[in-house]
Every structure is written in structure tokens, then in C-alpha cells.
Amino acid sequence: METVKITIDNKVIEVAKGTTILKAAKEAGIHIPTLCYLHLHDLNIENKPAGCRICVVEVEGRRNLAPACVTECLDGMVINTHNIRVLNSRKTVLELILSDHPTDCLICAKNGNCELQTMAQEFGVRKIHYEGEQSTYREDTSPAIIRDVDKCIMCRRCEMMCNEVQTVGVLSAVNRGFMSVVAPAFEMNLDHSECTYCGQCVAVCPTGALTEVDHTNQVIRALADPTKTVVVQTAPAVRAALGEEFGMEPGTLVTGKLAAALRRLGFNYVFDTDFAADLTIMEEGTELLDRLTRHLNGDKDVPLPILTSCCPGWVNFFEHQFPDMRDIPSTARSPQQMFGAIAKTYFAEKIGVKRDDLVVVSIMPCLAKKYECQREEFATDGNPDVDFSISTRELAHLIKQSNINFNDLADEDFDNPLGESTGAAVIFGTTGGVIEAAVRTAYEVHTGKKLEKVDFEELRGMDFIREATIDFNGLPIRIGIAHGLGNARKLLQDIKDGKSNFHAIEIMACPGGCIGGGGQPLHHGDSSIIKARQKAIYREDAGKAIRKSHENPYIIQLYEEFLGKPMSEKSHHLLHTHYFDKSKEIKVVE
Amino acid sequence: MAKYKMHVLVCGGTGCHASQSDLLLDNLKTIVADKGLDNEVQVIATGCFGFCEKGPIVKIMPDNTFYTQVTPEDAREIIEEHLIKGRKVNRLLYVDPENQEHIADSKHMGFYKKQLRIALRNCGFIDPENIDEYIARDGYEAMAKCLTEMTPQQVIDIMKKSGLRGRGGGGFPTGLKWEITNRSVSDIKYVVCNADEGDPGAFMDRSILEGDPHSVIEAMAICGYCIGGEHGLVYIRAEYPLAINRLKIAIEQAREYGLLGKNILGSDFSFDIELRYGAGAFVCGEETALIHSMEGLRGEPTVKPPFPSVSGYFEKPTNVNNVETFANVPVIINKGAEWFSSIGSEKSKGTKVFALAGKINNVGLIEVPMGTTLREVIYEIGGGIKDGKKFKAVQTGGPSGGCLTEKHLDVPIDYDNLIASGSMMGSGGMIVMDEDDCMVSVAKFYLDFTVEESCGKCSPCRIGNKRLYEILDKITQGKGTRDDIDRLRNLSTVIKDTALCGLGQTSPNPVLSTIDNFWDEYIEHVTDKKCRSGQCKALLQYFIDAENCVGCTACARNCPVNAIAGERKGIHVIDQTTCIKCGACMEKCKFNAVYIK
Amino acid sequence: MANIKLSAEKLDELKAICKSFKNDKGELINVLHKAQGLFGYLPAEVQEVIAKELNISVAHVYGVVSFYSFFTMLPKGEYPVSICLGTACYVRGAEKVIDEFKRILNINVGETSPDGKFSLACLRCVGACGLAPVVLVGEKVYGRVAPDGVKDIVAEYTK
């Protein structure tokens with residue numbers, strides 16, 4: 001490896017050729033503040049427009065200051081990262097950014113979690129010396145995301161996520177100069193666009209420009225209403241991340257504390273979306289085997305591969321971008337919606353509560369879930385199967401507001417019957433998990449043999465597109481996995497072009513799967529956090545007594561008492577769905 | 001040009017065109033035909049002669065008579081008197097402002113005496129829409145020489161030796177740029193001509209493309225040969241329809257003659273040129289922004305390195321030079337590096353074209369050897385300040401440059417001297433200002449431009465320039481303080497130090513140079529609340545001169561805020577605290593009694 | 001599904017423009033120039049069609065349209081008046097000329113008169129500095145325009 005020698009703050013170090021000053025400084029233990037820069041290296045995502053100019057440093061012999069994030073170290077370079085010229089410039093640039101930013105920090109959704117606010121605090125800004133006109137824009141509220149772009153600092157992270165990572169193409173820098181901002185086409189609202197509500201823009205926004213629609217008040221109101229029975233379900237990825245909001249190490253599992261906290265909040269029944277994940281495997285796995293068998297028997301009308309359908313961002317994506325392929329994904333509803341449908345029928349009946357008096361709340365690592373539960377097809381007579389979906393972050397706020405000392409809570413269990421789950425359900429929270437869970441069940445159902453080893457290492461990892469072949473007793477089943485919608489697009493294009501030979505494909509909209517969801521605690525650019533959450537998910541799976549969905553006793557009971565068998569008529573009615581063509585068709589109007 | 005006895009050259013540049021030179025051309029052609037002179041006299045439209053102040057210009061060859069401010073109605077007289085009877089039309093000749101003598105030959109006119117036209121060598125001499133005329137003046141000879149007798153490296157060596165530096169503003173050595181692009185390994189390389197002339201007040205590139213498009217085409221092909229690229233692209237402003245049209249015609253003609261296309265002149269070298277249009281963004285003059293714009297993106301610059309020579313248009317090595325730089329190339333090949341480097345100053349070789357404008361008698365396009373002083377340009381070529389007013393400043397380098405004053409008049413103009421004086425060469429705009437110009441307002445004007453043209457990508461330029469503008473505006477409104485001047489200085493320094501591209505890094509120059517050179521004016525604005533030039537309306541005060549006031553009451557009756565008191569036939573007085581400075585009193589006073597101070 | 005308010009004929013012309021540039025997204029700016037030439041401006045519908053034809057996002061197209069001052073989403077007047085604000089014109093009093101146009105036409109810069117006849121815009125240096133201040137009406141150039149000459153220019157087009 002070729003190296004170069006540089007002097008940085010009087011320290012001589014040797015770094016690989018091509019290393020940026022920012023990375024070299026990090027190696028030397030020197031912290032250079034950054035704002036627009038974002039590097040999720042485990043996910044191979046990098047944003048470096050060099051636009052904010054906060055990371056500037058002095059390079060001897062150079063006329064102006066150099067942005068550390070993109071300037072490569074050259075042999076013999078002498079760098080000062082914090083002399084008076086650098087500090088004055090940085091502070092002035094920060095003051096300029098603040099001068100075009102609202103100062104309503106106290107009531108901002110990102111208060112305490114804002115990178116700009118933190119920087120202002122670290123820099124000790126007490127006065128903005130360059131006050132002047134501020135750029136103002138219209139606020140935009142969609143079913144899941146709020147855009148308050150007065151707070152946009154043009155870091156372009158959201159634009160990069162939306163275009164390069166997710167290839168959704170909803171956001172772009174628009175206008176020029178002082179009025180430039182990131183917005184959808186024609187500066188229309190998000191709900192007029194092809195937004196999937198994946199929330200990755202929200203996950204990386206350093207300020208309060210992009211936030212989730214807060215539904216905690218509706219939840220509090222429901223909890224306070226004595227006429228309502230309030231049921232809560234919590235998604236697998238939540239337990240692997242919520243602890244971060246309470247100062248715990250990333251990757252700490254808080255399943256027991258989570259159940260306890262939800263009970264303290266006043267939910268009448270504390271259930272688990274994992275139960276519904278097991279149910280999903282029953283339906284989706286059966287559908288897979290059904291399609292597969294028919295296909296192998298020569299029925300050419302059966303489309304393969306089958307694609308998973310539990311990710312609502314992904315569903316939005318193909319409805320907008322690949323509507324002609326909407327017969328390929330599984331018709332199985334997502335676990336959130338399966339839970340809602342079962343809760344408002346089977347469970348409501350069981351406890352003798354009228355549908356209208358039962359409120360289902362979901363805790364999700366996801367913002368697209370907010371939109372999903374508002375879809376018309378998931379309501380009966382206007383009453384939605386899931387009433388409110390709140391994110392992991394919103395739950396943390398709710399717990400803090402309610403004077404619950406989360407860290408000191410003793411572990412508790414979920415309630416039954418909708419709280420029991422298997423290890424297969426837990427791994428829904430990470431990329432590769434849904435398909436691994438499906439394989440565990442499909443293998444046993446198809447071959448009639450007991451699976452000796454339930455861990456499929458070949459399906460795990462963080463690579464954006466993964467492929468594996470699983471031997472179903474002599475029948476090779478080819479499996480594809482993609483996370484991040486840009487990678488999903490690649491797989492879809494291959495299917496469209498007839499280049500794909502997979503039997504089944506799992507797709508998750510967010511990089512990393514639900515553990516990296518748009519509703520999770522903010523990672524602030526540290527991708528090791530997402531990795532730690534993934535490890536926690538697999539740890540939870542390994543610790544479970546039952547690790548295959550079809551062995552969940554309450555699932556077996558549900559089929560016996562209520563549904564009959566997977567893909568039964570009742571299942572179809574309650575647990576399956578159909579998709580819509582939401583593409584923009586150009587139709588001429590005279 | 002052999003078969004005609006006489007040639008009538010009519011300037012077809014944008015300036016003269018706007019003064020009906022097209023109608024003049026038609027009239028000349030019709031009358032020549034009526035008189036049956038078609039076989040003896042050729043009437044053609046040429047590119048810009050440069051002397052826009054006196055346009056439309058008509059030149060008669062071979063006797064080299066230079067007619068100024070010719071109207072369409074003058075066509076008949078020129079033909080009947082000059083062409084038929086051989087008598088020059090005296091009233092249309094240029095009058096020397098010194099001695100009121102009529103001068104027939106441009107060589108003896110102050111405007112042209114000190115000029116040396118290399119880049120503009122063909123402008124005004126040939127019909128830009130006729131390739132034969134370019135070829136008759138050694139056109140495409142340099143390209144032929146390169147393709148048949150020289151290796152790319154030999155050509156690059158000549159360019160390096162000539163000392164030619166980029167005329168677009170940066171002044172990067174052209175030969176070196178070509179060499180770097182040559183060394184970059186790639187299957188495809190591009191030659192880009194930057195014709196996105198955006199400096200307000202500079203129009204040399206447009207004039208070259210309108211007057212001599214083939215010189216640019218030839219040079220681009222030579223450059224392609226040197227770097228090993230077959231694709232040429234001209235990025236040109238959509239606001240230049242005439243230049244676009246002439247360039248299109250020229251490219252078509254060059255293709256017809258086999259001077260563009262496959263295997264040019266029987267060699268292995270192939271080269272062709274396409275046009276790409278700008279869409280009104282000054283920042284696209286910056287080469288990385290220009291490249292993004294050509295790729296169909298927002299014209300936002302990116303950090304260099306990588307330089308376009310290594311990774312440019314669609315990430316292929318791309319050599320970007322501006323129009324004027326290219327226009328110099330064929331002559332250098334034809335006449336040699338020594339000839340070129342013998343002209344100019346030590347570190348800046350050759351000539352530079354300047355667009356002389358503002359409060360100067362001879363507005364126009366001039367070309368002088370590097371090292372000519374500002375005094376020579378302003379007083380000898382430019383004919384001094386308009387209306388006998390006092391010279392105050394000259395702004396060079398456009399929005400990126402600075403304002404130079406009296407004390408800089410004897411500085412020889414070249415890249416390095418201008419930077420040392422606090423300004424820069426830029427693309428060659430030169431705006432002269434007189435005592436009526438307020439330097440704070442001038443700085444504000446340029447910042448208004450920068451704010452409008454900032455791409456918005458980096459915070460110092462997007463927000464910082466807006467704040468500079470706001471502070472300047474505050475000062476011109478009479479609300480500024482001493483502290484504001486310090487804030488201007490600090491903010492300017494930070495913007496220069498931290499902005500992403502050349503636009504932002506130079507945008508505070510007009511502020512810093514006016515603060516440095518016109519400190520007193522800034523102080524007057526903030527402490528005395530006075531604008532000596534009278535431009536800052538908010539700082540003016542209206543007074544009534546007791547000597548001239550007859551007490552007609554017209555002013556008082558027309559004052560919208562009743563700020564004027566006085567009896568009929570008595571002297572009137574303006575109450576300064578009520579006055580809104582609308583100027584109605586001054587307009588209505590028939591006795592010149594109202595004045596401003 | 002979005003309904004595009006274009007006649008079939010215009011839609012075909014627009015698609016033909018895209019096709020003439022091989023539906024290449026790198027040619028977006030050239031396509032937009034031609035499209036603006038066809039429609040006089042670039043309404044949202046036109047941008048939607050271009051995005052689809054060039055296989056790029058509408059947000060991208062709008063990002064480009066809103067970046068360049070040459071492109072407009074508002075129809076211009078029958079006689080677009082543009083006043084040069086280059087430095088030469090500025091120091092020779094272009095601002096007063098603008099004020100006079102604003103006064104006489106009773107519209108601001110960037111606006112179109114209610115009858116659709118005139119629109120007012122500023123532009124940067126047309127390169128006719130010898131004639132400063134310069135005003136363009138359509139493609140016709142007026143040089144050395146003084147504030148009191150404005151009414152004559154307007155009168156030419158209101159007959």
C-alpha cells in the first residue's frame with residue numbers, strides 16, 4: 001500500500017495514499033467538526049458535497065482553507081486543524097448558517113437531537129453577528145413526514161439518500177442561491193409525489209427540517225379514554241434500538257423493559273408484532289410453496305420469484321415505480337396489518353369488546369408504517385385495523401414524558417395470546433431475516449423433515465445484494481436479498497429483463513432492514529450502531545426457546561380456533577391484500 | 001477577395017446590429033446592384049470592429065476609409081460619392097476630439113493606435129459566414145501544419161513556450177493544461193470551449209465568435225489533436241443568438257471542407273464539434289459547474305481536484321479553454337512561440353482583449369499587449385472620461401474583480417499586477433467610473449449580482465454574500481455604523497477563505513477593494529451620513545437656494561408631505577425632518593432654486 | 001394517475017424533441033431550450049413529460065429548470081421587455097429605466113401585465129455596452145434608452 005507522510009497539528013503521521021484530511025485526522029485522534037458530511041461506511045454510503053464548509057482546515061502553502069472531508073492528503077502536507085484563522089472561519093460560517101435558520105430550538109421536534117444545535121453549543125455561539133433576512137418556505141405535512149424546510153441547511157444528505165441510495169427521486173435541490181432548498185418537484189407536497197415514506201431522509205437530516213408526523217398525542221388521548229381498550233404491538237427492531245434513547249450501549253436488548261414500560265403507559269394489552277410475524281411466515285411461506293410447486297409442475301402462469309411484502313416502503317416503491325410487476329410480490333399483508341386484522345376480529349371477539357372500542361397502536365422502527373395503517377383497504381367501515389403507528393423515537397418521548405424511569409424497570413413479559421413469538425419472528429427486524437424465517441418453515445413443510453440447523457449464515461450480513469442457494473432436500477432453492485430501494489430496483493430490473501433466476505427474494509426498503517428504519521433512534525452517521533442492532537437481533541433469536549414460526553403454539557391455536565389453515569378463505573380476507581398502480585400515466589386532455 | 005475592386009465592410013456585431021446596421025447593409029447592397037456595381041464592389045457584414053461607441057461602422061477597402069455612426073440613409077451618399085466619384089464622405093469620418101480634424105484611416109485614430117489585434121485579428125476584416133475568407137487569411141494553415149508536420153507533443157511544446165495563459169480569468173498556462181490532459185489515460189477525451197461569457201460588461205468572446213468563428217474551431221481541433229480527443233463541445237450562452245448562428249454556419253462549412261469530421265486532411269485524426277447551450281447561470285463559467293451543466297445537471301461546482309483535465313465531462317479527461325484563449329492558438333502555431341512571447345510582459349505573454357465600458361468616451365472592444373498601463377487604455381485608447389468629468393475608478397475582472405483608482409493608473413496590466421493591486425484580470429471587462437459614481441453602491445451592485453448568481457451549494461457564498469449585500473444596503477440607506485465596515489471586512493475574508501468555487505472565493509473582492517481604495521467614502525456614509533456622488537438617495541438633502549427662490553410656491557404646492565414652508569413671494573425653506581426626498585420640488589422649480597447636497 | 005393538460009399534437013411534438021436528442025438525459029438542458037421554444041414556457045406538465053421520456057425524476061427536471069434563469073414556468077407577455085443590468089448599463093442609469101417601465105406598465109420585474117401584452121425582466125449583459133443602457137423588446141434592441149424614452153418604446157407596441 002502506497003502511503004504519504006503528513007504533519008497534522010504538529011503530529012507526523014503516515015496514511016494511505018488517497019486518504020482525506022478528515023480521515024487522517026481521525027486516525028491521529030484529532031476531531032474535526034463536520035455538518036454536511038455523512039459516512040455510513042458499513043453500508044457504503046457517503047455524502048460529501050463539501051457544501052457546509054464547517055470542516056475547513058489550513059493547509060500550509062494553500063491560498064484558501066481546505067475542506068477536510070474531500071481534500072486528499074499529499075505527501076509533505078502540513079495541516080493545522082484549529083488555529084485562529086480556522087476557528088474564526090468555522091465560527092463565522094456556523095453563524096451564517098444560524099443566521100438563516102429559525103431559533104425556535106425550545107419547541108423544535110429535534111430539540112436535543114439536532115446536529116446544528118449541538119454544534120452551536122460546542123462552538124459556544126452566543127451572538128449571531130451576521131443577522132439578516134431568512135429564507136422561508138411553505139411547510140408540508142404528509143401522512144408520515146413533515147418538511148419544515150426553513151430549517152434546511154442544504155447538507156444534501158436527504159437528497160443523496162432519496163436519489164442515490166433509494167433511487168426514489170422525489171427530492172432534489174431546487175432554486176438557486178439564497179432560495180435554494182431541497183424539495184419535491186414544483187415544491188409540491190410529498191403526498192403529491194412518489195415518496196415511499198421510507199424515512200431515510202428523516203433518518204439523516206441533521207436538523208429539524210425533516211421529521212416524522214408525531215402521533216403520540218392521539219395515543220395519549222386513546223389511553224386516557226375509559227371507553228377504549230387499547231392494545232399495543234411492538235415491532236422486532238424496536239427492542240434492539242430503544243435503549244439508545246436512554247443512554248444504553250447500541251445493541252442492548254430491552255425487550256423486557258419495553259413490555260414493562262408499555263404496561264406502565266397504560267396499554268390494556270401489551271402484545272408483540274412478532275406474533276404477527278410468525279403468522280406472516282405461515283401465510284407467505286405457504287404462498288411461496290404453493291407457487292413453487294405449481295411452477296415446478298409446469299404451470300407457466302405462476303410468477304416467480306415471489307417477493308416479500310412486509311415492508312411498506314417497498315410496497316409503495318413498486319406501486320409507483322414498477323406497477324406492471326405488482327402481481328409478483330406475495331399478497332400477504334405486513335405483520336403490522338395482520339396483527340391489526342386479528343386483534344380487531346379474533347381478539348376483540350375473545351375479550352368481548354366491540355371493534356369500535358378497540359384501539360390498536362403499533363410501535364414501529366418505520367415511518368412508512370404510518371402511511372400503511374392509513375391505507376383505505378386496511379379499514380372496515382372506516383375503522384382502521386391499526387389506529388396509530390408511532391416510531392421508536394416517539395415511544396421514547398412518550399416514556400420520558402410519563403415519568404417512567406426506563407433504565408430501572410424490571411423485565412416483564414408480553415401478554416397472551418398475541419404476545420408469544422419465535423426466534424424466526426424476531427429476525428424480521430434485520431435484512432435477510434424474513435427470508436431466513438420463511439426458509440425455516442418452508443423447508444420443514446416442504447421436505448417433511450426436521451431442520452437440524454436453523455441458522456442460515458449464508459443469508460445474513462450487510463452486503464446490499466446477497467444471493468444464496470438452499471438445498472430443500474435435493475431441490476435447490478435460489479434466494480435473493482436486497483436492502484435499500486436502489487438495490488431493490490436492480491433486482492426488479494433483472495426480473496423485468498428476464499435475467500433473474502431466483503425463487504424468492506426478500507426486500508427491505510431501509511439500508512440494514514428495519515433496524516436501520518426511518519423511525520429508529522438517530523444514528524448521526526455512525527453505522528456501527530446499525531451493525532450492533534443487527535447482532536442484538538440475532539442474539540434474541542438464538543435465546544428463544546422456539547425458533548420456527550410454525551411451532552408457535554398460539555399461532556397453531558389461532559388457526560385451529562379461527563382461521564382454519566393458511567391461505568384459507570378467512571386468511572385471504574383478513575391477512576392478504578392487493579396492490580395498486582400508482583404510477584404517473586400521461587393522459588392527454590384536450 | 002481578388003475579383004472585386006472594392007469592398008464595403010459593414011459591422012454586423014450585436015452593438016451595430018442594434019443600431020440598424022442590418023438595414024444599412026441591405027441599402028448598400030441594393031444601391032450597389034442598382035448602379036450595376038455588383039461585379040466590382042462587394043458588400044459584406046463582418047464581425048465587430050470594436051469601436052462600438054461610434055457604431056455602426058463601415059469600412060471601405062482597399063483605401064481603408066473608416067466611417068462612423070453611419071445610418072441606413074447614408075448608404076446612397078457613400079456609394080455615389082466615395083465608390084463612384086472617389087470622394088470621401090467627410091461628415092461620416094471620425095473627428096479627432098483633440099484637434100477636430102477628420103481622420104479617414106483607423107490606424108491614425110487614438111482608439112486604434114495603441115492596439116495590437118491578435119485574437120481579434122480577423123474581426124471586422126472577413127465575412128464570418130464565409131470560410132473562404134478565413135482560409136484566405138491563413139485560416140486552417142496552423143491545423144494543417146500540426147496534423148501533417150508535428151507530433152502532439154511538439155505542438156504542446158510550442159504552446160508552453162509561447163507563454164499563453166488562460167484568458168477566461170484564471171490565467172492557467174494553456175500548454176501545461178493541454179499536456180496534463182494529454183497525459184491522462186482514457187479512451188475518450190473532450191475539448192470544451194467555454195463560451196459562457198457571463199461577466200456583466202464583457203463581450204469579447206461573443207465578438208470573436210461573431211466575427212471569427214473559424215479561429216475557434218481550428219484551435220479546438222488543434223487542441224483535440226494534442227490531447228488525443230475527437231469530441232469538441234462549445235458551451236455557449238443562449239443569450240447570444242447571433243454568435244450561435246454564425247458558429248453553426250462555420251461548423252457546417254468546416255465539415256463540408258473536410259476540416260472537421262473523419263480523417264481530417266487525410267490524417268488519422270478525426271474531430272467534430274457539438275454545441276451545448278447555457279441557460280442563464282453565471283456560475284457555469286466555472287469549469288466544473290460548466291461540465292455539470294453540459295451533463296444536464298444543475299450548474300453546481302464540485303471541489304477540485306480532480307481537475308477536469310483528469311476527470312471532467314462524464315468523468316472523462318476534458319480540456320476546457322475559453323474562446324479568447326483558443327482564438328490565439330492558430331496565430332501562435334503560424335508565427336511561432338518566440339513571436340508570441342516577445343509580446344507582453346515578463347509573466348504574461350501576448351495581448352488581452354478588454355471590453356471598455358462605462359463613463360468613457362470610446363466604449364468598445366480593444367486588444368492591447370500585456371503590460372500596457374491603465375492610463376494608456378483609459379486616456380489614449382478610451383479617449384478619457386465622458387463629459388469631461390473626473391476619473392474615479394476602473395473596475396476590472398467583473399464581479400470577481402476589484403476597483404482600481406488613480407494610484408493604479410500606471411500599473412502595467414497583466415495577471416499578476418492586477419492581483420497584486422487587489423483586483424484581477426477576469427475575462428477582461430473594464431468599467432470606468434467617474435465622480436458621479438458612489439463606490440459603496442458599486443460594491444452593492446456587484447454583490448447583488450453575486451447573490452443572484454450564487455448556486456447555493458456552499459454556505460459562505462449562499463448566506464455570506466447575502467449578508468454582505470444587506471450590510472452594504474444598510475450603509476447606502478444611511479443606517480450603517482463603523483462596526484458594519486469591520487463586519488464587512490471579516491465576513492469578506494472568511495468567504496474568500498471558505499467558499500467552494502472561484503465565484504465565492506472572489507465575490508468579496510469588490511467589497512474589499514472599495515474599502516481599501518475608498519475608505520473615506522465608506523466613513524462618510526456611516527459617520528457623516530453623506531454620499532459625495534449623490535447616488536445614495538437616502539443620504540441626500542434637498543435645499544432651496546435663497547438667491548434663486550422667487551416665492552412662486554410651486555414647490556410647496558407639489559410637496560406630497562408638506563415639508564416646504566414659505567409665503568408667496570417669500571423665500572421657501574425645506575423641513576429636513578419631514579422631507580421624504582422624492583424630488584418633486586426640484587422637478588417643479590422653474591428657477592433652479594432647489595439643489596441637493 | 002396524473003392527467004397531462006396538453007393537446008395530443010403538442011405532446012407528440014414534445015416527444016419528438018426528446019427523441020431528437022435520443023432521449024439522452026445528458027441533453028436535458030438542450031431539450032428544455034427546445035421545449036421552451038415550443039411552448040413559450042415550461043409548465044409542470046411539460047416537465048413531467050420530459051422526465052418520463054428521458055427516464056429521470058421530475059424533481060431532477062424541476063431542480064434544473066429552477067436553477068437556470070433562462071427557464072421560466074410562467075408564460076411571458078406578447079412583448080417581453082428585458083432591461084440589461086450589466087455593469088455598463090448600470091453605471092449609465094439602467095435602474096432608472098427599469099423604474100420607468102415599472103411605472104408605465106404598472107408591473108414589477110418578473111411579472112406580466114394583466115392583458116398579457118408585456119412582461120418585464122432584467123438580464124445580464126447582452127454585450128451591447130456601447131449602447132448602454134440597453135433594452136430589448138423581444139429580439140429588438142433599443143440602445144441609449146433614457147427614462148423619458150420609455151413611453152415611446154411602450155407606445156410602439158400599444159398601437
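How many residues of chain C are in contact with chain B, and with how many residues there? Select the two chains: 32 residues of chain C are in contact with 37 residues of chain B, contact being C-beta atoms, placed from the backbone, within 7 Å of each other.

Before going on, note that this is a predicted model, in which local features need pLDDT of at least 70, side-chain atom pairs count only at pLDDT 80 or more, and totals for chains, interfaces and linings use all residues. Residues are numbered from 1 along each chain as its sequence is written, while chains are lettered from A and ligands numbered from 1 in the order in which they are written.

**Stop 1: chain C, the side touching chain B**

Colour helix H2 (28-39), helix H4 (58-65) and helix H5 (87-91) of chain C; these are the elements giving two or more residues to the side that touches chain B. Helices (H or I, at least four residues) and strands (E, at least two) are DSSP runs, numbered from the N terminus.

**Stop 2: C:Glu100**

Now pick C:Glu100, in helix H6 (residues 94-105) of chain C. C:Glu100 counts as buried because it has 20 C-beta neighbours inside 10 Å; the cut-offs are 20 or more other C-beta atoms within 10 Å for buried, 12 or fewer for exposed, and partly exposed in between, with C-beta atoms placed from the backbone. Leaving aside neighbours within four places in sequence, C:Glu100 is in contact with C:Pro147 and C:Val150.

**Stop 3: helix H2 of chain B**

Move to chain B and select residues 21-34, helix H2. The buried residues of H2(B) are B:Ser21, B:Leu24, B:Leu25, B:Asn27, B:Leu28 and B:Val32. They cover an arc of only 165 degrees around the axis, which puts them on the same side of H2(B); the arc is that of the directions from the helix axis to the C-beta atoms. Show strand E1 (6-11), helix H1 (14-18), strand E2 (41-46) and helix H3 (75-84) of chain B to see what those buried residues pack against. Turn to the other side of H2(B) and you will find B:Ala33 and B:Asp34 exposed. After the helix comes B:Gly36, with a positive phi near 70 degrees.

**Stop 4: a hairpin in chain A**

Finish with strands E20 (residues 465-472) and E21 (residues 475-483) of chain A, which run antiparallel and are joined by eight bridges; strands pair if DSSP finds at least two bridges between them. Across the pair, A:Ile465 has A:Ala482 as its bridge partner. Two residues separate the strands of this hairpin, and A:Asn473 in the turn has a positive phi of about 55 degrees.

Terms used: Expected span 1.5 Å × (residues − 1).
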